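Hi everyone, thanks for coming.

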Amino acid sequence: MPPSPLFLREAEVRRGIELLYFGYSSLIKRADDKLAGTPYGRAHHRALYFVARQPGLTVSELLRLLDITKQSLGRVLTDLQEGGLVEQKVGERDRRQRRLFLTEAGKTFEHELFDLLRRRMAEAYAEAGQQSVGGFWSVLRGLLPPDLREAVGDLQQGD
């Protein structure tokens with residue numbers, strides 16, 4: 001069903017919310033299935049993803065991206081460090097900073113999880129067509145709070 005030209009009406013907004021919810025649930029299910037056989041969950045997966053995306057990310061930057069409490073992030077990072085997936089290094093210029101890096105095992109595990117998402121995302125992009133991708137990104141970016149848009153945009157610097 002094509003979207004209505006009256007795309008801001010309640011029915012169209014509700015349809016967008018439904019598609020976003022079910023699309024995300026379907027996308028992430030493959031990674032969740034893989035995580036089910038490990039001591040890790042979605043918070044661990046998100047932390048691994050962003051550390052892989054931006055090696056050397058500080059703990060405070062990760063805290064901002066994930067929007068979770070320091071206590072929750074502390075548990076996640078402890079689990080990942082004890083599991084040999086993440087290591088912390090003291091910042092070179094500011095010794096108070098703790099910079100995060102994936103270990104070789106962490107890189108391998110994160111890549112396995114990413115590959116499950118990449119394949120599904122690529123299929124969806126191909127089905128929608130190249131012209132749809134930019135609009136999709138614009139809508140998702142519009143859902144971000146303004147203060148997080150720059151931080152998310154900075155992730156593209158690694159590409």
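Okay, one term before we start: we call it a salt bridge when a side-chain nitrogen of Lys or Arg sits within 4 Å of a carboxyl oxygen of Asp or Glu. Keep in mind that this is a predicted model.

So, the overall picture. The protein chain has seven helices and three strands, and 26% of its 159 residues count as buried. Searching the whole structure turns up ten salt bridges. Let me show you a few.

Start with D115 and R118, whose side chains meet in a salt bridge at 2.6 Å, N to O. Where do D115 and R118 lie? Both are in helix α5, residues 104-128, and they're three residues apart, about one turn of the helix. D115 has 19% relative accessibility, so it counts as buried, while R118 is partly exposed at 39%.

Now go to helix α1, residues 10-35. E10 and R14 are four residues apart there, so about one helical turn separates them. Their side chains form a salt bridge too, 2.7 Å from N to O. E10 counts as exposed, because its relative accessibility is 53%.

Last one: D32 and R42 make a salt bridge, with their closest N and O atoms 2.5 Å apart. D32 is in helix α1 but R42 is in helix α2, residues 42-53, so this pair ties together parts that are ten residues apart in sequence. D32 is partly exposed at 21% relative accessibility, and R42 is partly exposed at 36%.

Terms used. Residues are numbered from 1 along each chain as its sequence is written. This is a predicted model: local features need pLDDT of at least 70, side-chain atom pairs count only at pLDDT 80 or more; totals for chains, interfaces and linings use all residues. Side-chain values use heavy atoms; hydrogens and water are left out. Helices (H or I, at least four residues) and strands (E, at least two) are DSSP runs, numbered from the N terminus. Buried means under 20% relative accessible area, exposed over 50%, partly exposed in between (1.4 Å probe, protein chains only).
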